[in-house]
Amino acid sequence: MSEPSSAPSAPAEIDFLAPDAGQRPPGPTPSQSRFQVDLVSEAAGASEERSPSSDGSAAAPEGPGSDPPGAGGEEAKGRFRVVNFADPSGAGSGASPEAGPEGLQNGDTVMSETSLHSSTGGQHHYHYDTHTNTYYLRTFGHNTIDAVPKIDFYRQTAAPLGEKLIRPTLSELHDELDKEPFEDGFANGDELTPAEEAAAKEAAEPKGVVKFGWIKGVLVRCMLNIWGVMLFIRMTWIVGQAGIVLACVIVCMATVVTTITGLSTSAIATNGFVRGGGAYYLISRSLGPEFGGSIGLIFAFANAVAVAMYVVGFAETVVELLSGVGAVMTDEINDIRIIGTITIILLLGISVAGMEWEAKAQIFLLVVLVTAIINYFIGSFISVKSKEPSGFFGYNGKIMWENMGPDFRDETFFSVFAIFFPAATGILAGANISGDLSDPQMAIPKGTLLAILITGIVYLGVAISTGSCIVRDASGNVNDTVSSHFMTNCSDVACHLGFDFSTCKNSAKGCRHGLHNDYQAMSLVSGFSPIISAGIFSATLSSALASLVSAPKVFQALCKDNIYPHIGIFAKGYGKNNEPIRGYILTFGIALVFILIAELNTIAPIISNFFLASYALINFSVFHASLANSPGWRPSFKYYNMWVSLAGAILCCVVMFVINWAAALLTNVIVMALYIYVSHKKPDVNWGSSTQALTYQQALTHTLHLSGVEDHIKNFRPQCLVMTGYPNSRPALVDLVHTFTKNVGLMICGHVRTGYRKPNFKDLAADQSRYQRWLMKNETKAFYTPVFAEDLRQGSLYLLQAAGLGRLRPNTLVLGFKNDWRDGDMMNVETYINMIHDAFDFQYGAVVLRLQEGLDVSLIQGQDELLSSQEKSSGTKDVIVSIDTSKDSDADSSKPSSKATSLQNSPAVHKDQKSPTLPLNVTDQRLLEASQQFQKKQGKGTVDVWWLFDDGGLTLLIPYLLTNKKRWKDCKIRVFIGGKINRIDHDRRAMATLLSKFRIDFSDITVLGDINTKPKKEHVAAFEEMVEPYRLKEDNMELEAAERLKNSEPWRITDNELELYRAKTSRQIRLNELLKEHSGTANLIVMSLPLARKGAVSSALYMAWLEVLSKDLPPLILVRGNHQSVLTFYS
């Protein structure tokens, strides 16, 4: 049997595959879909047809109500082979005739030959019989392909827990069949029992993959990462500086930040299935690739450098111990480098060995660490006389009271807080290996929050304990006891305990013991001091190991998403756990570089800031998702609040600047630089981020708000419905309209799809998506809106009435001039002119663009590949379809290779086999050049505005908007108006005053006093010759015959009409002469569109007026507003 395709292919266009002998699995698994199929190429289908193994009987299901074997064989022959998914009994192959009843009765539902000829928009549309067994057998006691709710339908295609099943499409269940459906009845096969399903599912799961629970995977890692060296070698110093109260405040402040972040992490982690990638995955899927990509990179880098920081901390401790016994290899710095290098090589070995070994090492280190902490607390209760000179007296209320307040020496509260805060980080150690957790949604919240609670309590306990039993200063000298006569002058608590440590404050060198001076005070207090050293080793190594694992995992997830170029090599995983070996080596290299530097005092604050930036964005993600109010934001963890998360994000930013303002600025600059880069690159991903949800919500809110406000003249914008057809077939029309609507008004590219076949709305949706991408790829701010209609006029009526939303509705119809109006059916002209009339009926303005070369470039040979190459390079995976229009659409040779068929022979359809491209003829070459003229910068020239009739100002507003744009800014506006010979100066001054009040710059005003002069005779004769074929000539026929002809051909020009509008005809001819005289060299002419009274002027005559007015001229726009003011000079 052929394995089901992993791609979700639609059942409506599947190819049937014949089952092959000996290749069937023992039984179906729940991850196998009855509707997953292998698409076969035409070549494969042809070879299969020639192959003797593809016998017809193999594809014929045997059973009650089945088609005869012969019919089934014919059906399966050639193009179709049945995909037979499994029978529970594990019977033999269905390829043998004997296996008929067992073999194919459990196959998918069978297609009928008659269903291939469905009249749905020229597309092969396939339907299913429901008579043979289906996966959804006996859902409600009868045979149906309608599926009951099931988790496998909702999986993503690459879900690790199982393959995605494809539910039956709506068209399979809803579209009409071309033959009578069978009556409901039970099929022959049996469904899998629950036990069989469980066994099949267990068999489908990969063996040997290591998955961790919440304790080993999250709790242990977080506790080890949070309990760093700060606990053992800095906590006592912090208490000495800040006192018990402020030390507890510092711990609580840090814990508040991490707790809020932990709550936010829990909310995001429980809002859907969490994959590998930790903080990067959580942020990128919530806020989108821009923030996720920037944080992912710096978070992975911070973890890599953190490895070096922890290893150097370990190496320094080892070197101190060795130097204490005189065992020095070279000098202190080089010893740190040598020990650090050896250590990280060992850690790398543990990591590469696999997650199971790494987890075992973490458990061991945690045991050591907990033992060291318990060892300290036990020691604090054992008062030893020999330790008193060093400042340890056991628990004492006087010591506690003295240490309650602060005693800052060269430090401030915030500087001490900055030193402690890195000890509270590490809460994402569990989330960073989210891909290795058995149940991330349960493990991350439970483990992270419990780790924060336990570690916070321990930090507070150590702060209170050390402040209650150790004095701030001690000399360590047993002879510094207090004499009886000195007691009167002694105020320190040590005096009351029999020691005088006043020399510590008086001497320049100070003392080496006490909270202020001895970083190893916890070793002094502990019951057995070597265990504290082991605890320090455990804390540093465990943190280093956790970071060494986190960095490659996060980086691997980032590389898989292909957001940054040239790093895809690190996405590859190895072994059963998909280990990022290359990422480990890269992390090892980065860490080794910083270990060799061995001076991390400058880089450490930047690392803390990188972590804090991640925390801030995780908190902001929760706030943003809650604010967007998306229905998809449904975290099962309910103990979060959007405002608390926002406060957490602000707190993280404040802490960043408190720790080190310069490092905080650098972090923000890096994040913003990466954000801008990813935003500019626009990666081809769609993760349903809260940014999209909030954008939608804001758009909806503002659109509704706009609808409640009346339009005002000052805010008028030309909002154009442009009848482009496919947008890339009339680029000049799209470019010109986009020039004056970009960032100003709405532009909708309307497309009326007509045809005799039943409309295929699936194709319409595919086209809508395809051409919207094309517009975006070409940076055209417009919407593509296709509709199905019986004819062009009906479709345009649909668009005129329904296009747009609220105030975002078109108010101007834009058409291309019908250059070929005399070549085709004159009813098309009737439709075209009626579209203009309809626009005026709906109170639209009308704009008609004419280029002498024409507008439609889709018919130029080879232009389909040229125009669609831009779309092809956009990274989209659109189906390439070959359509042979010379053959019958149902013929085998024109069979499409996938479901995206019936795209019509449009410029967006790529050809599979490119025919040799012939050189373009002169006409096509000129058309191609003309179609691109508005994409170029217009040089110094003029835009001539022939404002002959006052339409509200649209004729003047469009050229003003055009010349405000970069491409047209060098062009000057010249205004032409009609007037009387004896009032030319007065009319010019009046127009200049009006334009100045409108604040519209112009270079010249020309008053035409000779508009009503008779045109040249040869031009009049040419016009009469042009309209001659379209005249009704009712004077030469009977009245009834004339009326019948006029009713059947309403575009015909009557003799009465021609005589009645002779003066208007002469004016159009004369205007053309004046246009050639005054504006023959203009870059663009904008002219008032002549009006024709509906029902009085035939479409042929109106079309002839437009033809004679606009012929042989530069690019010309005929404009007529809806006679409502669009310009005002009032403020």
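1. A crossing of two helices is called left-handed if the near helix is turned anticlockwise from the far one by less than a right angle, and right-handed if clockwise. By this rule, α9 and α21 make a left-handed crossing. Helices here are DSSP runs (H or I, at least four residues), numbered from the N terminus.

2. The model is predicted: local features need pLDDT of at least 70, side-chain atom pairs count only at pLDDT 80 or more, and totals for chains, interfaces and linings use all residues. Residues are numbered from 1 along each chain as its sequence is written, and side-chain values use heavy atoms, with hydrogens and water left out.

3. Helix α9 (residues 278–287) and α21 have axes that come within 9 Å and cross at roughly 35°. Axes are lines fitted to C-alpha atoms, for helices over the stretch in contact, and angles run from 0 to 180 degrees between N-to-C directions. Contact means heavy atoms within 4.5 Å. From α9, Ala-279, Ile-283, Ser-286 and Leu-287 meet residues of α21 that include Leu-617, Ile-618 and Phe-620. This contact has six nonpolar, four polar and no charged residues. In this count Ala, Val, Leu, Ile, Met, Phe, Trp, Tyr, Cys and Pro are nonpolar, Asp, Glu, Lys and Arg are charged, and the others, Gly among them, are polar.

4. The largest share, three residues, comes from α10. A cavity is a set of points on a 1 Å grid over the protein atoms alone where a 1.4 Å probe fits but cannot get out, and lining residues have an atom within 4 Å of a point. The lining has 13 residues, with Asn-225, Asn-303, Gly-426, Phe-611 and Tyr-615 nearest the centre. By class, the lining is seven nonpolar, six polar and no charged.

5. Helix α25 (residues 731–741) and helix α31 (residues 954–963) pack at about 85°, with their axes 8 Å apart. Therefore α25 counts as roughly perpendicular to α31 (the class covers angles of 65 to 115 degrees). Leu-736, Thr-739 and Phe-740 of α25 make the contact with Ile-958, Leu-961 and Leu-962 of α31. Five of these residues are nonpolar, one is polar and none is charged.

Terms used. On a 1 Å grid over the protein atoms alone, a cavity is a set of points where a 1.4 Å probe fits but cannot get out, and a pocket is an open set with protein on both sides within 12 Å along at least five of seven lines; lining residues have an atom within 4 Å of a point. Helices (H or I, at least four residues) and strands (E, at least two) are DSSP runs, numbered from the N terminus. Angles under 35 degrees count as roughly parallel, over 145 as roughly antiparallel, 65 to 115 as roughly perpendicular and the rest as oblique.
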